[in-house]
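Here are some notes to read beside the sequence and the model. Please keep both in view as you go through the points.

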Amino acid sequence: MLGDVVTALCERVGLTAADLDVAELTDEVHGFGIARQISVRGALEMLAAAYAFDAVESDHQLKFKKRGRSPSVRWSSTSYVFVPSTYS
């Protein structure tokens, strides 16, 4: 599973499973090889491009979220506050 691959890569740099949220990364990965020296970040970027996910830090966790899912928060036009500028 993609989440297992991402977790294994993150563990190479000292993160633990408790530091990560990979629940949305359920794609099957049939193989992932690194043919040249590359950073963990570089490997994660390649996987993110191939499997359409992003990483964000929230609540002291690195969370991996699939792109294209429905938004978690929606803001209406009444949610905004207009503050007039005091600068000329």
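1. Leaving aside residues up to four places away in sequence, L25 touches L2, G3, V6, F53, F64 and K66, where contact means heavy atoms within 4.5 Å.

2. Before going further, note that this is a predicted model, in which local features need pLDDT of at least 70 and side-chain atom pairs count only at pLDDT 80 or more, while totals for chains, interfaces and linings use all residues. Residues are numbered from 1 along each chain as its sequence is written, and side-chain values use heavy atoms, with hydrogens and water left out.

3. L25 is also among the residues with the most contacts inside the largest nonpolar core, together with L2, V6, F53 and F64, and this core has 15 residues. Such a core is a set of buried Ala, Val, Leu, Ile, Met, Phe, Trp, Tyr and Cys residues joined through side-chain atoms within 4.5 Å, and buried means under 20% relative accessible area, exposed over 50%, and partly exposed in between (1.4 Å probe, protein chains only). The helices α1 (2-11) and α2 (40-51) each supply at least two residues of this core, and α2 gives the most, with five residues. Helices (H or I, at least four residues) and strands (E, at least two) are DSSP runs, numbered from the N terminus.

4. Three strands form an open sheet of mixed pairing in the order β1-β3-β2, where two strands pair if DSSP finds at least two bridges between them. The edge strands, each pairing on one side only, are β1 (20-21) and β2 (53-58). Six bridges join β2 to β3 (residues 61-66), and these two run antiparallel.
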